[in-house]
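Me: I have a new structure open and have not looked at it before. Can you walk me through it?

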Amino acid sequence: MSSPDPLLIDVRSPGEYAGGYLDGAVNLPLDQLQAGIARVAPDLSQPIVLYCASGGRSGMGCMLLQQMGYRQVSNGGGIGMLAMSSQRPVRRL
């Protein structure tokens, strides 16, 4: 049995997300992450990859989620690099 695909969370602002996001990503801005994470990821063991514009906000989000008990959180870095490494298309609203 293979492991499930990670949940992609874009921690940028709604405006940044509308300008381009990775296919399949959920927008949960960093300032709303703590309040909204249980809605999109109720399982603390779910694999989660956070990304933003450069990796700074997603790094802060990873630390926050780890403090909240999430066990499989990783920083995907900036959207451009993650799009290339994951071979996911960038979509626009």
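Reply: Start with one side chain: Tyr-17 has a relative accessibility of 12% and counts as buried, because the cut-off for that is under 20%. Keep in mind that this is a predicted model.

Me: OK. And Tyr-21, buried or exposed?

Reply: Tyr-21 is buried, with a relative accessible area of 13%.

Me: How far apart are the ring centres of Tyr-17 and Tyr-21?

Reply: The centres of the two rings are 4.3 Å apart. Their planes make an angle of 20°, so Tyr-17 and Tyr-21 form a stacked pair.

Me: How many aromatic pairs does the count come to?

Reply: The count comes to one aromatic pair.

Me: Switching to the sheet. What is the strand order?

Reply: The sheet is open and has four strands, in the order S3-S1-S4-S5, with parallel pairing. The edge strands are S3 (26-27) and S5 (73-78), each of which pairs on one side only.

Me: What holds strands together in general?

Reply: Strands of a sheet pair through backbone hydrogen bonds, in a parallel or antiparallel way.

Me: Then what about S4, how many bridges does it have with S5?

Reply: S4, residues 48-52, pairs with S5 over five bridges, in the parallel sense.

Me: How does the chain get from S4 to S5?

Reply: The chain goes from S4 through H3 to S5, as a right-handed β-α-β crossover.

Me: How many residues of S4 are buried?

Reply: Five of the five residues of S4 are buried, so the strand is largely enclosed by the rest of the structure.

Me: Which way do its side chains point?

Reply: Ile-48, Leu-50 and Cys-52 point one way from S4, while Val-49 and Tyr-51 point the other way. In a regular strand, side chains alternate between the two faces of the sheet.

Me: Last topic, the helices. Where does H4 lie?

Reply: H4, residues 79-86, lies across S1 (7-10), S4 and S5. Helix H4 runs at about 110° to S5.

Methods: Residues numbered from 1 in each chain as written. Predicted model: local features only at pLDDT ≥ 70, side-chain atom pairs only at ≥ 80, totals over all residues. Heavy atoms only, no water. Pairing = 2+ DSSP bridges. Helix = DSSP H or I, 4+ residues; strand = E, 2+ residues; numbered from the N terminus. Contact = heavy atoms within 4.5 Å. Axes fitted to C-alpha atoms, helices over the stretch in contact; angles between N-to-C directions. Phe/Tyr/Trp six-rings, centres within 6.5 Å; stacked < 30°, edge-to-face > 60°. Buried < 20%, exposed > 50% of the residue type's maximum accessible area, 1.4 Å probe, protein only. Right-handed = clockwise from strand over helix to strand, strands pointing away.
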